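Please work through the exercises below with the sequence and the coordinates at hand. Each task is followed by a solution in steps.

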Amino acid sequence: MMLHAPSKRRPAIENVEGGVDVVLATSIGNGEDLGPAVRHAFESGKPETLVHQLRNFAKKKEIEIEELCKLHYEDFIVAVDELRGVLVDADELKSMLSNENLRLQGVATGSLLNLEELLELYSIKKNVSEAMKTLKICIQVSKLCLTCNMHISSGRFYHAVKILDLIEKDYIQNTPLKAFKKVIEKQIPTLKKHIEKKVCSEFNDWLVHIRSAAREIGQLAIGQASAARQREEEKRSRQREAIEQSRFGVVGDSLYSLDIELIDDDSVLEFDLTPVYRAHHIHTCLGFKAKFHEYYYKNRLMQLNLDLQISSAQAFLESHQPFFAQIAGFFIVENRVLRTAGELLSESQVETLWETAIGKMTAVLENQFSRTDTTSHLLLIKDFVTLLSATLSRHGYRAAPLIQVLNSSRDKYHDLLISECRKQIRDILASDDFEQMVIKKEYEYNMNVLSFQLQSSDTVPAFPYVAPFSSSVPDSCRIVRSFIEDSVSYLSYGGPINFYDVVKKYLDKLMIEVLNAALLSMIHTGNIGVSQAMQIAANIAVLECTCDMFLCQAARLCSVPLRLVKRPNAGLAAKAVFKASQNAAYTALMHLIDSKLDDHLALLNNINWIADDSTENPNEYANELVVFLDNLISTAQQILSLEAVYKIGIGALSHISDSIVVAFLSDNLKRFTLSAVVGIGNDVRVLESFAEESFQNSGLIDLNKDRSFKDCLIESRQLVNLLLSNQPENFMNPVIREKNYGALDYKKVANVCEKFKDAPDRLFGSLSRGNAKQDARKKSMDMLKRRLKDFS
């Protein structure tokens, strides 16, 4: 019946549901918000419909509840009966529990009193434990504070900072005693400031100390660079010596010696950076790292600016070494700080410091070099600057701008050096008497001859030794040698790697523009005689030979193989210039010789050109000419080459021959006699005898020249022979003229013959007793005159 009861009422429910909007029912079932639906109903003006639907929905739910209750009615009755049984059992259980509780309370009353006492004791114990724990922590903190104070008093700031850091991180937060904790927290910043102040004080002391020590550090480092340079020079010297020995087939021990470079114990510069490390580390631990970085850089930059200031109270030559040493020491310290002090300095900061310093140093050098006018001063400063550059480069700094300043002053240095050499050479030439140098001792020979390879033989001569040059030659060679050494010293260590060509250029300039020009000036403008001019020509020849020696010296100093120097067209241009200057010197010498010859030949004017009688003795001028020529040739043989002697002899005798012919052609000579011609013939014979003997004895015959000394007199000889000939008209015979009178000119012969006008009865004087013969000669001469006149 109960199962079928709901079926009977189902139509009523459906009828109810039929009046409920399905959408509304679904929304209510899903728990959705009905606000929009309500708002829509009121907006549409149909709220009654919505109310009606809601009432129908409520009625529907009531019917469902009623049906559900009817369905489980019997189960409700059974459940109520069981519940009543449970209530009865619960009352019994409650009574039993109450009785047991009364019994337990009676039994446990004493135990509860004991428990309260026990809990109180546990509370006391807990408080005591906490107090002991608090006291223990406070004691530990106090001990740490005492230890920190001891470290601060002893200057062990790092340990103090570590303890403060430990207190802050591990103890201060765990300290339960607030008053004690507050005191500690208040003192920690004070202690840190105190430590920072103390550390900064030590660091400031270090700044003062390191600035005063920087100069010594720089000097020591530059000294090490100088020692390294010296060892390198000695090594190169040994290598050059070994190469020279091997080139000449001599093998020395140095070729097989092991070159071990000793390392000095002082090669590492010692200076104390502990205050820097400590200050940096402590500031880092205190949290002031960036502040200390800025403080360090600012103070070091300030010190650098002070170091870069040049004192005007002292000459730069005297102050340049301390000045550069101070800067070198500064940057050596900064390099060490950069490498060993962590992040205290950055590479960009060091580079900024270096750019500041290099800019100032280059400006100072350029200014001082522009004002310096002494080569020794320039060389001294340059040498120290190159050592400074090597030192700073060794420590990682770019020193190229310093070298560029030195290179830019290269021309000025050499101009000053050449100017000084010009003055020295001028003084040497002014004090030279241009006579052959007499060497009395072997050490003088070694110093003046062997040292410049001026010897003509490997055998040491007997002393006193008369050199073929004057004293100005070795003196000039010393100046040139010193010039090469100074030039190499300036160009080496920092300049171009291959500076041999530069040295060669300036050496050529010295030899050509100074030495050669000075010698030519002495020849052309100096008041010198024949012997002095001859000696100057000899000196020029010797100096020409020294060009190769000087070039080899420059090559050795520049470490250039000698085989490169001895290649064709690799020599000095000065050698060819000296060769040309020799010709100019010989030309000037010949002018002087001609002038001296003219002085002697002036005596031709004293000859009696219209003498009736002749003598077999030569005229006075002829004897003087022979003496002069003999002295000239013998002197030239001692100091000049055979070629030069030959040139001088040829020139002198040719000038004499020309002068004799000119004497016949002179306008002052109106006529001459046969006796005068005979006298001139004797003079020419004496000169020919001297020329032939001199040519053979002087060794000039070995030159295999086409023209001998005697040949130089051929024109005067043929003219005399023509005037003394019995048939002078044969001159017009081409064959005879080519054979006997080839050196004579038609016009000259015509002019001379016109002056040959003796009286008929006195034409040949006492030379002939036959008037027929005299008439024949006169007729022949007259015939020659007419034919020459017709020819012209």
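Predicted model: local features only at pLDDT ≥ 70, side-chain atom pairs only at ≥ 80, totals over all residues.

**Exercise 1. The chain as a whole**

Task: State how many helices and strands the chain has, and what share of its residues is buried.

Solution. Step 1: the secondary structure consists of 28 helices and two strands. Step 2: of the 792 residues in the chain, 40% are buried. Step 3: among contacts with a separation of 6 or more, 79% join residues 24 or more positions apart.

**Exercise 2. Confidence**

Task: Determine the mean pLDDT of the chain and find stretches where pLDDT stays under 50.

Solution. Step 1: the mean pLDDT is 82, and 89% of the residues reach 70 or more. Step 2: residues 1-19 stay under 50, and the model gives them 16 contacts beyond four places in sequence. Step 3: residues 759-770 also have a pLDDT below 50, with 19 contacts in the model beyond near neighbours in sequence.

**Exercise 3. Helices α15 and α18**

Task: Decide whether α15 and α18 are roughly parallel or antiparallel to each other, and describe their contact.

Solution. Step 1: helix α15 spans residues 410-431 and helix α18 residues 500-525; they pack at about 30°, and their axes are 10 Å apart. Step 2: angles under 35 degrees count as roughly parallel, and α15 and α18 are therefore roughly parallel to each other. Step 3: the crossing of α15 with α18 is right-handed. Step 4: the contributors from α15 include Arg410, Asp411, His414 and Asp415, and those from α18 include Val502, Tyr506, Lys509 and Glu513. Step 5: by class, the residues of this contact are 12 nonpolar, one polar and six charged.

**Exercise 4. Helix α13 and its partners α17 and α11**

Task: Give the angle and axis distance for α13 with α17, then for α13 with α11.

Solution. Step 1: α13 (residues 375-394) packs with α17 (residues 472-491) at an angle of about 35°, with axes 9 Å apart. Step 2: this crossing of α13 and α17 is left-handed. Step 3: Leu378, Leu379 and Lys382 of α13 meet Asp486, Ser489, Tyr490 and Leu491 of α17. Step 4: these residues divide into four nonpolar, one polar and two charged.

Step 1: for α11 (residues 316-340) and α13, the axes come within 11 Å and cross at roughly 5°. Step 6: α11 is therefore roughly parallel to α13. Step 7: among the residues that meet are Phe316, Phe324 and Phe331 in α11 and Ile381, Phe384 and Leu388 in α13. Step 8: the contact of α11 with α13 has 13 nonpolar, four polar and no charged residues.

**Exercise 5. Backbone features in loops**

Solution. Step 1: phenylalanine 434 is not a glycine, yet has a positive phi of about 55°. Step 2: phenylalanine 434 lies in the loop between α15 and β1 (438-439). Step 3: its relative accessibility is 3%, so phenylalanine 434 counts as buried. Step 4: asparagine 704, also not a glycine, has a positive phi of about 55° and belongs to the loop between α24 (674-697) and α25. Step 5: with a relative accessible area of 65%, asparagine 704 is exposed.

Step 2: a further backbone feature is the cis peptide bond from phenylalanine 463 to proline 464, with omega near 0°. Proline 464 is in the loop between α16 (442-448) and β2 (465-466).

Definitions and conventions
Residues numbered from 1 in each chain as written. Heavy atoms only, no water. Axes fitted to C-alpha atoms, helices over the stretch in contact; angles between N-to-C directions. Helix = DSSP H or I, 4+ residues; strand = E, 2+ residues; numbered from the N terminus. Parallel < 35°, antiparallel > 145°, perpendicular 65-115°, else oblique. Left-handed = near helix turned anticlockwise from the far one by under 90°. Contact = heavy atoms within 4.5 Å. Nonpolar A, V, L, I, M, F, W, Y, C, P; charged D, E, K, R; others polar. pLDDT = per-residue confidence, 0-100. Buried < 20%, exposed > 50% of the residue type's maximum accessible area, 1.4 Å probe, protein only.
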